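Me: Could you walk me through this one? I'm new to it, so please take it step by step.
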Protein chains: 4
Amino acid sequence: MTPSALPATGRASILEAFKAPLRRVDYPLPAAMEPGAILVRTEMAGICGTDVHLWRGELPIQLPVILGHETVGRIVSLGAGVDKDWSGLPLKAGDRVTWTSATSCGRCYYCAVKNQPTRCPERRAYGIGYRCDASPHFLGGYADFHYLRPRVNVFLLPETLSTESVIGAGCALITAIHGVERTGVDWQDTVVVQGVGPVGISAIAVAKSAGASRVIAIGGPDHRLEMARRFGADEVIPLDETQTASDRIQSVKKLTGGWGADIVLECVGHPSAVVEGMEMCRDGGKYLVLGHYCDAGPISFNPHVITRKQLQVFGSWSSEPRHMKAAIDFLSRNADRFPFASMVTHRFSLDQANEALQTTAAWRAAKSVIVPGVD
Amino acid sequence: MTPSALPATGRASILEAFKAPLRRVDYPLPAAMEPGAILVRTEMAGICGTDVHLWRGELPIQLPVILGHETVGRIVSLGAGVDKDWSGLPLKAGDRVTWTSATSCGRCYYCAVKNQPTRCPERRAYGIGYRCDASPHFLGGYADFHYLRPRVNVFLLPETLSTESVIGAGCALITAIHGVERTGVDWQDTVVVQGVGPVGISAIAVAKSAGASRVIAIGGPDHRLEMARRFGADEVIPLDETQTASDRIQSVKKLTGGWGADIVLECVGHPSAVVEGMEMCRDGGKYLVLGHYCDAGPISFNPHVITRKQLQVFGSWSSEPRHMKAAIDFLSRNADRFPFASMVTHRFSLDQANEALQTTAAWRAAKSVIVPGVD
Amino acid sequence: MTPSALPATGRASILEAFKAPLRRVDYPLPAAMEPGAILVRTEMAGICGTDVHLWRGELPIQLPVILGHETVGRIVSLGAGVDKDWSGLPLKAGDRVTWTSATSCGRCYYCAVKNQPTRCPERRAYGIGYRCDASPHFLGGYADFHYLRPRVNVFLLPETLSTESVIGAGCALITAIHGVERTGVDWQDTVVVQGVGPVGISAIAVAKSAGASRVIAIGGPDHRLEMARRFGADEVIPLDETQTASDRIQSVKKLTGGWGADIVLECVGHPSAVVEGMEMCRDGGKYLVLGHYCDAGPISFNPHVITRKQLQVFGSWSSEPRHMKAAIDFLSRNADRFPFASMVTHRFSLDQANEALQTTAAWRAAKSVIVPGVD
Amino acid sequence: MTPSALPATGRASILEAFKAPLRRVDYPLPAAMEPGAILVRTEMAGICGTDVHLWRGELPIQLPVILGHETVGRIVSLGAGVDKDWSGLPLKAGDRVTWTSATSCGRCYYCAVKNQPTRCPERRAYGIGYRCDASPHFLGGYADFHYLRPRVNVFLLPETLSTESVIGAGCALITAIHGVERTGVDWQDTVVVQGVGPVGISAIAVAKSAGASRVIAIGGPDHRLEMARRFGADEVIPLDETQTASDRIQSVKKLTGGWGADIVLECVGHPSAVVEGMEMCRDGGKYLVLGHYCDAGPISFNPHVITRKQLQVFGSWSSEPRHMKAAIDFLSRNADRFPFASMVTHRFSLDQANEALQTTAAWRAAKSVIVPGVD
């Protein structure tokens, strides 16, 4: 598309009031590009479970907002000084790209001194942290266009990698990559994954490809456990057959010679999973608290277990740009082994954005997506 | 002492009933030495806080028992096949030695496969886990003699290292060495130590000598904080000036540029310290649960903090023989910088063993010790 | 076999003079078992390339010797006190087992203090370091029986694991497991393996299963490169198409975006490979010197490359018992993915031991083995 | 100084021809500041050994150049958008600052993907990599002013830290901090430092404060060994008493129980030191090649040593901004323990720049510096 072919306005589906239907509006496209900015035409926007939390008002955001932080698009125009993607590949109009939803400042205490860029206080995320009622408006995925601000971490997508793979993996995969990296999988480790939602499925795939000899998935219902198997789980423990924490702990022990697993990855988000999961570790094992991006409240916990079992417990927050780079490489090489593209089960037009969101809210889809161009 | 000079019996002070006074008894010395065993004449036995817990019946042990798991003695006789200490130094009768209270089997799942020997299921500790009413009787420190079973991890003490240094450091130092090793101190880290009991004081010394730029100690009363300073604390936060968790967290933040510490070492033993201490870490920081050797019960805890702050949390159980070796080297080189010998403040004869124990129970001593030879 | 059914003597094929044919002799079986010893009837003995070096007199050993340090057998009798394998599994007569060729002492400076047991000065290897002209004679694999001395690291083989898998993998696999462990493969690393002999093939399998996204093998001839592909190599660089070091370095760079590989594993044994291989690493990459178990002499080397490329270079010597345990688990789970059993291409009777050795010397076999029972 | 008080020109001492005397010239100050740039009045410029190599033409640079890559100055004016130092501290005119000589791009393969920013291909260093015959001219330390380009890593110096400390430590300290970080010192390690030049002295201080129990320095002459002791060496091995490699290796072994050191840090720059130094490591030890920033040519080397001794060998190139931050903190806290300020032994005016350089070339100074303001 040449800039001359650009329309004056673009459509967006906006959240104006919590728990109310999204509303379709038109916004003017930015009149000029800042140096370093990129304008993208949205090709596909994923609906993440976090979007449901946002819609319900469970996180502290300002309205109105264009939801959508998992997005693929094609470059319409590039601001001055941008000619390469994050990893140095050349960029031009027409290229298909994705990007990290948040950008760290690169020069604060956490970015520079302590190398913890995900904890940079200046991070704001597209689709979450920007109001859309002022220019450049297009700062979320549920829209015809997406404006990428200067310093965005943008990634050229290889021809061989489908848009469905990228959106099917979504932010769950990069979250899992970061978490498993912090935990560290040793060759031939036995890994338990608690939970088979998007993050759990991704964690299974990452752990399996990172050297685990066996991955044991705990969750349900059955179709999710089937998916867990397709993404690398060697054994599954169905929740409907192990209804108490004690049952599940015993199931893990039975599968691990009575000792427990080398590594347990929590991808549930309920604090009771943490208490239960630590007991699934062998002594000297490792535990990752990955599902607690949201605050799900306190639980009765006895820290003696950490000493007695000599555990290592890790937390991991969001992800860094290099995890997106790794995800793109991983998806490109493993379309057959780990079929993330098949996650995209429900497609909606931009006008159906509200329906797309409700489909995710009702757990009726592996992954709902919005495809603005189909209108 | 030649074997011919050995008396037929030796004295011991035994725990026969919980919370009752220790009783002085005589036991026959073993008639013969097993291959690999060592008979030692006790030179000094430390009273550990754990001994008080044992005396009160707070840990599941079988009576009667000779308490005392921190001991130095001189070799009386060596069983067949023992001629070297754990690190290969030659041993002979008359040598002054110490030993680890427990011995791991070396060939089980935890010892061999997973390299977690402190979690070996076959460990039993001198002064805790052996009944004394059957031969060889002398399996605890509060006695004239100590029988060391085959495969004991025994260490020759260098001439330049005082017995007081070894007993003053006691099992607290090796516990701290192990814990700090698992946590890992990076060069110039800021370290907070919660608690200034024996483990806390040891943790301060180890952290300071392991590369910490600043050590901040939290605790009380004042004479313990003075000791904390003498062992390397750069700053102290007195409990009597910071009476709430929030006060203490703010004190740490104020001392660390608002961010929190790189590392926090819990040496308190109350579960609330764990909840409080994690908030003292900077994001991406490390937390060691070291004081929870005993089960002090549950607490209300929100695991979201581990994710949000991207923490690494470590547990550490007891210690390995190489930590004792490291402790002996460390004490030998640092008698001036870290004056552990000065911890030994109260000396008792074997007949006064009960008084020694009560002095420790009442927190009246930095360290009480029994010196059987003074009778 | 009951002890009463044991013959009075067993056959062995012994090396009496370097470069001379092996000679068949009969030796008496040991009259009594030491406590802790095990007598095994040899089921299969592998011929290792090292055996050829030993036969040629290129390593400092004492003659006569029964060669063979890769062996599987069935237990004939167990000395007093042995009732479990290294990992705690119960052992009884008739069980099929393998063992590490060398045993470390467990209590010296390298074993205990520094956790480098492969460098224990007391290690001697079956099939290499024991003269066979004195009782118990049977201390190598090319014989009807094998005597395992007290403290041997013996491993029960699971029913589902074929003897061919264990011998096909041989000491090459455990060498590779140790080396790759020391190097550390990060998720999605690109790994180059220099050399496609037994260690190279094993290194490919281990690196691939340890999280490498791509493994590039360098070597020849074509049938070995085919084997490299079967064991996980994604790309191969044939030596006959890249005849200079510069050609091979350029080939690696071309396959790695011009940067070089994250990890390069040297499995060649010629010092020039080390100089060449470091240039194949990206800056900040890792290099493993694994093929230099033998001293192959010096080379002109410029250490500036280590600084300029900011490399990490690792050495790895032999292997530890836990690597054997890991190998058995790995082989058990991956018979299809990594078909080590198919390596066993040539079988010989004990009377043909010399022919077996010459077949290996002439590189005519993937793996020659001796099967004493076929006579 | 207000901008209005700025002179129109500033003095510089420039290198126009290799091995020829530096020449004093006047250059116009930049007419305008780029956004992000900073103009500094030079307070002190260190003469580094590398400057001597540059003067001799031993490194590939373009002339003319203003030498000097270790500099402290006061801010004269700040370009648009610069109001904080690298670590977030506020900056204003008059502040005393230092900076890293090179800036990495932050977004290339080495900066972003592989986290090896010191290997960024876009790095150019002040005082080395910029011609001075075009505006802004002032891109090296031997001058009245220094122009800092946009994205410079600039650091506010605390009041309590003397300029002499920063310049006395110079680039040697940050080089050592980076190298020791890559190597990793475990608590109570025995460390050998080969060489007592500026990098060696810094390595001694860093290793000692990073947890080493003993530091053994090898070098000479005696006054440098005295300095080594002052900066933390517990023992010294004088070159004039140990004239062969074998002598020096034996001296290290004698001091380390016959085993060798846990860590050896090469700070010499001659390839023979690397061959010699690896033999000083205990088996399983670590070796850092730190002195080979320049290419000093090849040596006969047998890579078998890396396998046989199971070594870990590290290279380290230059340093990252966070090492400068750490150096400033370290110097601030340790003015007494590690008296880097006392290194500054010879002061010269800008007109004496050539004499300053020759003093360093002739090893007549611990550290020569130029103080432009004294003229």
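Reply: Gladly, and please keep in mind that this is a predicted model.

Me: How do strand 8 and strand 9 of chain A pair, parallel or antiparallel, and over how many bridges?
Reply: Strand 8, residues 190-194 of chain A, and strand 9, residues 214-219 of chain A, pair in the parallel sense, and 5 bridges hold that pairing.

Me: Which strands does helix 4 of chain A lie across?
Reply: Helix 4, which covers residues 198-209 of chain A, lies across strand 8, strand 9 and strand 11 (261-266) of chain A, and it runs at about 170 degrees to strand 9 of chain A.

Me: OK, and what sheet do these strands belong to, in what order?
Reply: They belong to an open sheet of 12 strands with mixed pairing, and the order is 10(A)-9(A)-8(A)-11(A)-12(A)-14(A)-14(B)-12(B)-11(B)-8(B)-9(B)-10(B). Strand 10 (235-238) of chain A and strand 10 (235-238) of chain B stand at the edges with a single partner strand each, so one side of each has no neighbour in the sheet. On average, neighbouring strands of this sheet are turned by 15 degrees against each other, if direction is ignored.

Me: How do strand 14 of chain A and strand 14 of chain B pair?
Reply: Strand 14 of chain A, residues 312-315, pairs with strand 14 of chain B in the antiparallel sense over 3 bridges. Within that pairing, Val313(A) stands opposite Val313(B).

Me: How many residues of chain A and chain B are in contact?
Reply: There are 37 residues of chain B in contact with 37 residues of chain A. Among the elements that supply at least two residues each to the chain B side are helix 7 (271-278), strand 12 (281-289) and strand 14 (312-315) of chain B. By class, that side has 17 nonpolar, 13 polar and 7 charged residues.

Me: Switching topic, what joins chain C to chain D at strand 14?
Reply: Strand 14 of chain C, residues 312-315, is joined to strand 14 of chain D by 3 bridges, and the two run antiparallel. Here the bridge partner of Val313(C) is Val313(D).

Definitions and conventions
Residues are numbered from 1 along each chain as its sequence is written. Chains are lettered from A and ligands numbered from 1 in the order in which they are written. This is a predicted model: local features need pLDDT of at least 70, side-chain atom pairs count only at pLDDT 80 or more; totals for chains, interfaces and linings use all residues. Two strands pair if DSSP finds at least two bridges between them. Helices (H or I, at least four residues) and strands (E, at least two) are DSSP runs, numbered from the N terminus. Axes are lines fitted to C-alpha atoms, for helices over the stretch in contact, and angles run from 0 to 180 degrees between N-to-C directions. Two residues are in contact if their C-beta atoms, placed from the backbone, lie within 7 Å. Ala, Val, Leu, Ile, Met, Phe, Trp, Tyr, Cys and Pro count as nonpolar, Asp, Glu, Lys and Arg as charged, and the others, Gly among them, as polar.
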